[in-house]
Amino acid sequence: MINLSKLNKEIEALPKKDKAKQLNILIKRYYLEKDFVEYNEEILKENVLAAKAFFFINCKLIKKPEDKFMLIDQYKGIFYYWYSTDSIISLVSKCDFNFMFNKAKNYVHDWQTYTRRWGWVMFISHPCKKDEKCAKKLLTLLHDDQKETNQMAQAWLLCELAVFHPELIYKYLTNCKLSYRIISKAVSKITDSYRISDDNKKKFRQIRYDYYKDIRK
């Protein structure tokens, strides 16, 4: 068993310059030990970089994507910051979509803020977003959330879906009952994306224009 305290000290000693790159190098070095990192809730909640290392090193030793997912599910209580969820998205990119979706239906209504965030962002790198049927199912996970971190998570997912299904997402945003805070954030992300055409960006900007036009009446 890899000593988490020792690993954490190495992480804290990493140079500030290119810290993310240095962390990945450190994680790869620990891969070679072919042993699991011990669980220490106090350390993992305090240091999001240690949490990333914990998940990456442990998941490396697990072959089945669904088993990797369940390890994350087991320890999702240490999600205390947006980086906690967003840094491990790639670990579930090969997991079965329906398996993930059934989990997400509960996650997005969880009492913990970052468990809810995980329910949306875990699909960001998943190939399912290219499939329109999957995209339509993902839209059913969206709902109003008072936490800005979760409004941003939903906006991010909407932007990713708009890359592949601009018409679907345009129709959704013009008819959905989401708060304008989420809609506006989604439009901002979409119009900032280099993967979405200028013509489609104009259509999405119109959503925001129409909203302000209506409230000025």
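In the predicted model, helix α8, which spans residues 113–121, packs against helix α10, residues 148–164, at an angle of about 5° and with the two axes 9 Å apart. Because angles under 35 degrees count as roughly parallel, α8 and α10 are described as roughly parallel to each other. On the α8 side the contact involves T113, Y114, R116, R117, W120 and V121, and these residues meet T149, N150, M152, A153, Q154, W156 and L157 of α10. Sorted by class, the residues of this contact comprise seven nonpolar, four polar and two charged.

Helix α10 also packs with α9, in this case at an angle of about 160° and with the axes 11 Å apart. The two helices are therefore roughly antiparallel, and α9 passes α10 in a left-handed crossing. A135, L138 and L139 of α9 form the contact together with L157, L158 and L161 of α10, and the residues taking part are six nonpolar, with no polar and no charged residues among them.

The loop between α8 and α9, the latter covering residues 132–139, contains K129. With a relative accessible area of 9%, K129 is buried, since the threshold for that class is under 20%. A polar atom of the K129 side chain lies 2.6 Å from the backbone oxygen of I124. When neighbours within four places in sequence are left aside, K129 is in contact with F123, I124, A135, E160, L161, F164 and H165.

Key. Residues numbered from 1 in each chain as written. Predicted model: local features only at pLDDT ≥ 70, side-chain atom pairs only at ≥ 80, totals over all residues. Heavy atoms only, no water. Axes fitted to C-alpha atoms, helices over the stretch in contact; angles between N-to-C directions. Helix = DSSP H or I, 4+ residues; strand = E, 2+ residues; numbered from the N terminus. Parallel < 35°, antiparallel > 145°, perpendicular 65-115°, else oblique. Contact = heavy atoms within 4.5 Å. Nonpolar A, V, L, I, M, F, W, Y, C, P; charged D, E, K, R; others polar. Buried < 20%, exposed > 50% of the residue type's maximum accessible area, 1.4 Å probe, protein only. Polar contact = N/O pair within 3.5 Å; in protein donor to acceptor, adjacent residues only side chain to side chain. Left-handed = near helix turned anticlockwise from the far one by under 90°.
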